[in-house]
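Take a look at the model first, then we'll go through some questions.

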Amino acid sequence: MAAENPVESVQEEATCPVCLEYFTEPVTLECGHNFCRACISQCWEGSDTAASCPQCRETVQQRNLRPNRQLANIVELVKQLSLQAAKGAGGDGVCERHQEALKLFCEEDQTPICVICRESRAHRAHRVVPIQEAAQEYKERIQAHLKTLREEREKLLGLKATGEGNSREYLQLQQFLEEQERLLLAQLEKLDKEIVRIQNENVSKLSEQISYLSELIRELEGKCQKPASEFLQDVRTTLSRCEKGKFQQPEEISPELEELVSGFCQKTMVLMEILGKFKDTLPSELERKRGGSFGAHREVNVTLDPDTAHPNLVLSEDRKSVRWGDTRQRLPNNPERFDTALCVLGCEGFTSGRHCWEVEVGGRRDWAVGVARESVRRKGRIRYHPDGGIWAVERHWLGQFQALTYCVTPLPLSRTPSRIRVCLDCDRGQVTFIDAGDEAPIFTFPPDSDFGGRIRPWFFVGPGSRLCLCP
């Protein structure tokens, strides 16, 4: 029967029947069959009996391996023709070893191969698909990753734009404050000079009056020691001098100085008002370092929702603490209950404003605290990161503290927190965790434009752990 493809027929003739690859140093046996020198030598290695042809099994009396130079030349021509044919067909490349078009893809080795590679020992047992089919499959997977990466880039671009806008406002305010600082310093210098001048004038006047009064006192004391006839002489003049010598208190502040002080205080009040408005619109540097001001968040009395608790979690009567129990409770499998993850939600939910609460974690391990969307998955396996609707920090059962981000972020804390404050800012889409013991920041999730609905307190309690909500 005629071959379907003449090129493939020629390639088969140029292929060694032992290694199924193009001939290398082809030799001819007495029966007329051709093999690679290394392949036939390996077949006969260690045989004490008469040698035979691996293809027709004809006995070869003498191991006379005659080099077939014509076949070697033909093999080289076939390789070149295959290469040209592959290039002319616009293929995906050529096998470097066999000079064949790369038409297949080995899924185990994750590499394109040719039809000769497919029959070789290296790939014979592997799962192989057409290269175009594999390319389409991997393109779809790459496109899915590209979508996620583009979304992450858009989020980062948004954060960058917000940060740049905030920086511009900070710089404008800084320039304004620096200008006002220069004006106020100039007024302070003028005020200081005026105060020194008034003080010097008052001291000079007081010194003159003290000297005059001291002299008058000495004179009057001497006059009082004289006889009555001499004392009463010119007594009217003496009394007149006493009345003129009465002390007059110097002026403490001039109208100019009072006006200067008034203007200084007025400008200071204006600056304080501006700073107050600025603080309401942008976080201060202290808030940024500490993850937000605790005083700006409303303290919430959180209680646990028993309808959401996993059957292995035991809640206290006042619903302020939860512990892991080794016995699974017989509870109704309602839609709100977590059935696989050892989780429980708080009863309270938030859609706006800033709120905070504290959780006592003690020195235990295998727990997590944070917030979750109302729509967080309750059944089966859940994703412990923001894409799964959870913003939390945990202490792994191995003892490591980490934030449950997309790739889990280790937290190198200087001390082990015994009480954690969870700060939720619904308007900014931000969650912050603080060590309530020393007010040290633990971790802050970057602001998100939209939490995606109602947010509730969330807790994970592993084997042997216990969490308590602080009053």
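Q: Why is Glu 358 called buried?
A: Its relative accessible area is 16%, and buried means under 20%, exposed over 50% and partly exposed in between (1.4 Å probe, protein chains only). So 16% puts Glu 358 in the buried class.

A quick note on where this comes from: it's a predicted model, where local features need pLDDT of at least 70, side-chain atom pairs count only at pLDDT 80 or more, and totals for chains, interfaces and linings use all residues. Residues are numbered from 1 along each chain as its sequence is written, and side-chain values use heavy atoms, with hydrogens and water left out.

Q: What makes Glu 358 and Arg 419 a salt bridge?
A: Their closest N and O atoms are 2.7 Å apart.

Q: Why does Arg 419 count as partly exposed?
A: Because its relative accessibility is 31%, which falls in the in-between class.

Q: How do you know whether Arg 456 is buried or exposed?
A: Check its relative accessibility: at 6%, Arg 456 counts as buried.

Q: Which residue does Arg 456 meet in a salt bridge, and how is that one classed?
A: The partner is Glu 374, at 2.9 Å from N to O. Glu 374 has a relative accessible area of 27%, so it's partly exposed.

Conventions. A salt bridge is a side-chain nitrogen of Lys or Arg within 4 Å of a carboxyl oxygen of Asp or Glu.
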